[in-house]
Amino acid sequence: MRVEAGDVIPPSEIEITRTLVVAGAIASRDYQDVHHDPELARRRGSPDVFMNILTTNGLVGRYVTDHFGPDAVLRKVAIRLGAPNYPGDTMVLTGTVETADGPTVTVKVIGDNGVGRHVTGTVTLTLPRPLPPREAV
């Protein structure tokens, strides 16, 4: 796969379900009540439970590896959160290749939802080197 700076990754829409929010928190052992208890989240000033950063981190990484394939290796995921991801919303991830230096690629990722910009960040990954063609036997 030839990759160049400026290449755009097709967008990906992710439905933010209550199950995704709660399961992501449980899977990452984040037991903060704002990620699983709607009543306690409201008492803390949030309209509902919201996605934790580790779930967002995983979704950003998956977005990039889904595009580059299962042999791509994540080296670094650096994100910053903004607007919360609430159940019933949809997050749209978009990405642009910032740098492509041999097998190392850095992608800028943005994720927006109905509230605003949920996540911005960069993902650095290593792509597999193509194997040389086999010689005829």
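User: In this predicted model, does D48 count as buried or exposed, and why?

Analyst: Good place to begin! The general idea is to compare a residue's relative accessible area with a cut-off: buried means under 20%. D48 has 13% relative accessibility, so D48 counts as buried.

User: Which residue forms a salt bridge with D48?

Analyst: The idea here is to look for a side-chain nitrogen of Lys or Arg within 4 Å of a carboxyl oxygen of Asp or Glu. For D48 the partner is R18, and their closest N and O atoms are 2.8 Å apart. This pair links distant parts of the chain: R18 sits in helix α1 and D48 in the loop between α2 and α3, 30 residues apart. R18 counts as partly exposed, at 38% relative accessibility.

User: How many salt bridges are there by this rule?

Analyst: The count comes to 7. Among them is the bridge between R42 and E39, at 3.8 Å from N to O. These two are 3 residues apart in helix α2, so about one helical turn separates them. R42 is partly exposed, with a relative accessible area of 43%, and E39 is partly exposed too, with 39%. E39 and R42 also belong to a network of salt bridges that includes R43.

User: Now to aromatic rings. How is a pair of them described?

Analyst: By the distance of the centres and the angle of the planes. The count here is 1 aromatic pair. The ring centres of F50 and Y86 are 6.5 Å apart and their planes stand at 90 degrees, so this pair is edge-to-face. F50 lies in the loop between α2 and α3, while Y86 lies in the loop between β2 and β3, 36 residues away. With a relative accessible area of 18%, Y86 is buried, whereas F50 is partly exposed at 22%.

User: Let's look at helix α1. Which of its residues are buried?

Analyst: To read a helix, list its buried residues and then see where they point. In α1, which covers residues 18–27, the buried ones are V21, V22, G24 and A25. They span an arc of only 160 degrees around the axis, which puts them on the same side of α1. T19 and A27 are exposed on the other side.

User: What do the buried residues of α1 pack against?

Analyst: They pack against strand β1 (8–16) and helix α3.

User: And which residues form a nonpolar patch on the surface?

Analyst: I53, L54 and L81 do, with about 250 Å² of accessible area together. One of them, I53, lies in helix α3 and is partly exposed, with a relative accessible area of 42%.

Note on methods: Residues are numbered from 1 along each chain as its sequence is written. This is a predicted model: local features need pLDDT of at least 70, side-chain atom pairs count only at pLDDT 80 or more; totals for chains, interfaces and linings use all residues. Side-chain values use heavy atoms; hydrogens and water are left out. Patches are made of residues with over 30% relative accessible area and no salt bridge: like charges are joined within 9 Å, nonpolar side chains (Val, Leu, Ile, Met, Phe, Trp, Tyr) within 5 Å. Accessible areas come from the Shrake-Rupley method with a 1.4 Å probe; for residues, only the protein chains shown count as cover. Helices (H or I, at least four residues) and strands (E, at least two) are DSSP runs, numbered from the N terminus. Buried means under 20% relative accessible area, exposed over 50%, partly exposed in between (1.4 Å probe, protein chains only). Rings of Phe, Tyr and Trp (its six-membered ring) pair if their centres lie within 6.5 Å; planes under 30 degrees apart count as stacked, over 60 as edge-to-face and the rest as tilted. The arc is that of the directions from the helix axis to the C-beta atoms. Contact means heavy atoms within 4.5 Å.
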